[in-house]
Amino acid sequence: MPPRVSVIIPFYNCAYVDQAIVSALNQTYPDKEIIVVDDGSTLHQDKITPYLSRVHYLGKANGGTASALNHGIRHASGDYIAWLSSDDRFHPHKLAVQLNGLASENADISFTNYEVIGEHGHVLYAPNFPTDPGNTKYFNTSTKLYTYMLQYNPINGCTVLMHKNLFRSYGFFDETCKYTQDLEMWLRLAAAGVRIEFLNEKLTQYRLHGEMGSRNHQPAIQREVDMLRARYNPLLAARIASLEAGG
């Protein structure tokens with residue numbers, strides 16, 4: 001029996017939410033559910049109304065992205081969880097391609113490349129991920145990925161597909177992280193030695209626009225990043241050393 005995928009869309013006053021919903025509904029993978037978590041919005045709920053018969057709509061008091069994700073995950077019936085921000089979009093084959101990749105690698109979590117789009121949906125660029133000379137597959141070992149993660153975060157949360165069992169084993173998103181709940185989760189999993197696969201296909205569109213929080217709260221974001229680096233980098237360095245020693 002094919003696995004079910006639950007797509008969680010946290011929503012807070014976002015004018016692009018209908019585009020996110022449509023991209024989730026248009027997935028070629030058939031066994032999916034779409035969960036829209038309204039995190040106390042006061043604007044743009046009308047954009048969701050046309051799709052209420054095709055999505056699960058959950059309301060809650062405002063608590064931030066992590067709390068909205070966790071609320072959706074707890075209500076999800078899927079075997080796998082995908083996160084889609086309300087201002088981003090999936091390519092139609094995103095779930096199908098990524099599930100196939102997870103099955104072929106016998107892994108529980110993967111992330112992919114993506115496109116960066118502007119306010120009106122036009123493609124601006126795609127990130128260039130690092131690679132060794134002559135090596136066509138990026139981050140093809142845990143050691144390479146973990147080492148890169150000591151300084152950078154290559155994982156765009158909306159490109160991730162992960163088995164729901166990972167939340168049972170390692171916990172939910174940290175709701176004390178207002179802006180960096182994604183980085184905290186990836187560092188936590190990496191420090192625990194979870195193998196995170198990378199698929200170098202552009203399956204998600206990440207939107208840049210004037211209202212996005214990552215542009216408007218940089219000092220607070222940097223403080224959270226510094227706190228997470230102090231907490232997890234020693235653990236991650238120890239994990240890398242263990243892998244290099246054959247542990």
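Reader: How many aromatic pairs does the structure hold?

Author: The model is predicted. A pair of aromatic rings is described by the distance of the centres and the angle of the planes. Rings count as paired if their centres lie within 6.5 Å. The number of aromatic pairs in the structure is ten.

Reader: Is the pair of Tyr148 and Tyr152 stacked, tilted or edge-to-face?

Author: The ring centres of Tyr148 and Tyr152 are 4.9 Å apart, with 35° between the planes. Stacked pairs have planes under 30 degrees apart and edge-to-face pairs over 60, and the rest count as tilted. The pair of Tyr148 and Tyr152 is therefore tilted.

Reader: Are Tyr148 and Tyr152 buried, partly exposed or exposed?

Author: The relative accessibility is 25% for Tyr148 and 44% for Tyr152. Buried means under 20% and exposed over 50%. Tyr148 therefore counts as partly exposed, and Tyr152 is likewise partly exposed.

Reader: What is the angle between the planes of Phe167 and Phe172?

Author: Phe167 and Phe172 form an aromatic pair with 5.7 Å centre to centre. This pair is stacked, a class that requires planes under 30 degrees apart. The angle between the planes of Phe167 and Phe172 is 25°.

Reader: At what distance from the ring centre of Phe172 does the charged end of Arg74 sit?

Author: The charged end of Arg74 sits over the ring of Phe172, and its distance from the ring centre is 4.5 Å.

Reader: Which residue lies over the face of Phe90?

Author: Phe90 falls within strand β5, residues 89-90. At 4.6 Å from the ring centre of Phe90, over the face of the ring, lies Lys94.

Reader: Which strand runs parallel to β9, and which runs antiparallel?

Author: Seven bridges join β6 (residues 109-117) to β9, and these strands run parallel. In this pairing, Asn113 has Lys202 as its bridge partner in β9. Two bridges join β5 to β9 (residues 197-207), and the bridge partner of Arg89 in β9 is Gln205. The parallel strand is β6, and the antiparallel strand is β5.

Reader: What is the volume of the largest cavity?

Author: A search of the whole structure finds one cavity of 30 Å³ or more. The volume of the largest cavity is about 70 Å³.

Reader: Which element gives the most to the lining of the largest cavity?

Author: The lining residues divide into eleven nonpolar, one polar and no charged. Both α2 (65-75) and β4 (80-83) supply at least two residues of the lining. With three residues, the element that gives the most is β4.

Reader: Where are Asn13 and His44 placed?

Author: Neither residue is a glycine, yet each has a positive phi: about 50° for Asn13 and about 70° for His44. Asn13 is partly exposed at 22% relative accessible area, and His44 is partly exposed at 26% relative accessibility. Asn13 is in the loop between β1 (5-11) and α1 (17-25), and His44 is in the loop between β2 (32-39) and β3 (56-60).

Note on methods. Residues are numbered from 1 along each chain as its sequence is written. This is a predicted model: local features need pLDDT of at least 70, side-chain atom pairs count only at pLDDT 80 or more; totals for chains, interfaces and linings use all residues. Side-chain values use heavy atoms; hydrogens and water are left out. Rings of Phe, Tyr and Trp (its six-membered ring) pair if their centres lie within 6.5 Å; planes under 30 degrees apart count as stacked, over 60 as edge-to-face and the rest as tilted. Buried means under 20% relative accessible area, exposed over 50%, partly exposed in between (1.4 Å probe, protein chains only). A charge sits over a ring if NZ of Lys or CZ of Arg is within 6 Å of the ring centre and within 35 degrees of the ring normal. Two strands pair if DSSP finds at least two bridges between them. Helices (H or I, at least four residues) and strands (E, at least two) are DSSP runs, numbered from the N terminus. On a 1 Å grid over the protein atoms alone, a cavity is a set of points where a 1.4 Å probe fits but cannot get out, and a pocket is an open set with protein on both sides within 12 Å along at least five of seven lines; lining residues have an atom within 4 Å of a point. Grid points are joined across faces, edges and corners, and a volume is the space filled by probe spheres set on the points. Ala, Val, Leu, Ile, Met, Phe, Trp, Tyr, Cys and Pro count as nonpolar, Asp, Glu, Lys and Arg as charged, and the others, Gly among them, as polar.
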